[in-house]
Amino acid sequence: MEKVKQNQLNHKQIIQVITILGIVLALIGAIYIKSNPNIFAVGGPFQSFLHRIGIWGPLIFILIQIIQVIYPFIPGGLTCVVGHALFGPLYGFIFNFTGIFLGSILAFLLARRYGESFAKAFVSQETYDKYIPYLDKGNYFDWFLATAFILPGFPDDFLCMVAGLSKMSLKRFIVITLLSKPATLYLYTYLTYQSLIAINHFV
């Protein structure tokens with residue numbers, strides 16, 4: 001038992017360090033973009049690079065989105081905005097949602113396979129204790145999960161793992177995800193992107 005707890009602690013520490021590194025890299029990237037505002041412009045250096053590598057550009061981005069759902073080394077909202085900026089509103093949304101959808105399913109399946117020790121490795125005990133009781137509320141958990149996916153402020157990625165610990169079928173989880181995530185993902189990404197543009201004009 002003590003060994004399991006120690007492994008969970010070690011995993012949490014590794015995840016925290018990688019998350020901090022991801023945030024630092026994101027801040028460095030933001031500073032660089034600020035000093036080189038045309039890097040993501042239409043026909044700019046980065047889009048030219050994406051055109052040169054062809055299909056690998058979207059595939060690498062989707063892979064990053066899948067990983068960040070399970071292993072949050074970069075804030076998910078940031079990667080969504082980057083996808084919107086790089087690939088445009090339509091393809092950015094498609095690539096964002098594809099990565100997040102596949103990552104959500106993978107998080108669900110990993111939690112179902114490895115149990116609570118896997119889920120606990122990614123959050124504090126306080127967060128775990130806060131959301132686990134919803135599993136005992138029957139169908140209410142389905143509605144809660146859908147609401148959490150729609151509204152901001154909930155740990156969506158962790159809740160995918162919580163769903164994996166529940167009796168919910170994979171099919172039902174997929175249906176809830178498809179019904180609740182796409183519209184809100186597009187809306188929040190678009191609003192965040194437009195807000196950053198507006199802020200940039202005033203700075």
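Helices and strands are DSSP runs, a helix having at least four residues and a strand at least two, numbered from the N terminus. On this basis, the predicted model reads α-α-α-α-α-α-α-α-α along the sequence. The protein has 9 helices and 0 strands. Its chain holds 203 residues, and 37% of these count as buried.

Helix H7 spans residues 140-150, and helix H8 spans residues 156-165. Their axes come within 10 Å and cross at roughly 160 degrees. Angles over 145 degrees count as roughly antiparallel, and H7 is therefore roughly antiparallel to H8. The crossing of the two helices is left-handed. On the H7 side, the contact is made by Phe-141, Phe-144, Leu-145, Ala-148 and Phe-149. On the H8 side, Asp-156, Leu-159, Cys-160, Val-162 and Ala-163 take part. By class, this contact has 9 nonpolar residues, 1 charged residue and no polar ones.

H8 itself is mostly covered. Of its 10 residues, 8 are buried. The buried set consists of Asp-156, Phe-158, Leu-159, Cys-160, Met-161, Val-162, Ala-163 and Gly-164.

Ser-166 sits in the loop between H8 and helix H9, which covers 170-202. Its relative accessibility is 13%. Buried means under 20%, so Ser-166 counts as buried. A polar atom of the Ser-166 side chain lies 3.1 Å from the backbone nitrogen of Met-168. Beyond its neighbours within four places in sequence, Ser-166 is in contact with Arg-112, Leu-135 and Phe-141. Phe-141 also belongs to the H7 side of the contact with H8.

With residues up to four places away in sequence left out, Ser-104 touches Val-69, Cys-160, Phe-173 and Lys-181.

Technical notes: Residues are numbered from 1 along each chain as its sequence is written. This is a predicted model: local features need pLDDT of at least 70, side-chain atom pairs count only at pLDDT 80 or more; totals for chains, interfaces and linings use all residues. Side-chain values use heavy atoms; hydrogens and water are left out. Axes are lines fitted to C-alpha atoms, for helices over the stretch in contact, and angles run from 0 to 180 degrees between N-to-C directions. Angles under 35 degrees count as roughly parallel, over 145 as roughly antiparallel, 65 to 115 as roughly perpendicular and the rest as oblique. A crossing is left-handed if the near helix is turned anticlockwise from the far one by less than a right angle, and right-handed if clockwise. Contact means heavy atoms within 4.5 Å. Ala, Val, Leu, Ile, Met, Phe, Trp, Tyr, Cys and Pro count as nonpolar, Asp, Glu, Lys and Arg as charged, and the others, Gly among them, as polar. Buried means under 20% relative accessible area, exposed over 50%, partly exposed in between (1.4 Å probe, protein chains only). A polar contact is a pair of N or O atoms within 3.5 Å; within protein, one must be able to donate a hydrogen and the other to accept it, and residues adjacent in sequence count only if both atoms are side-chain atoms.
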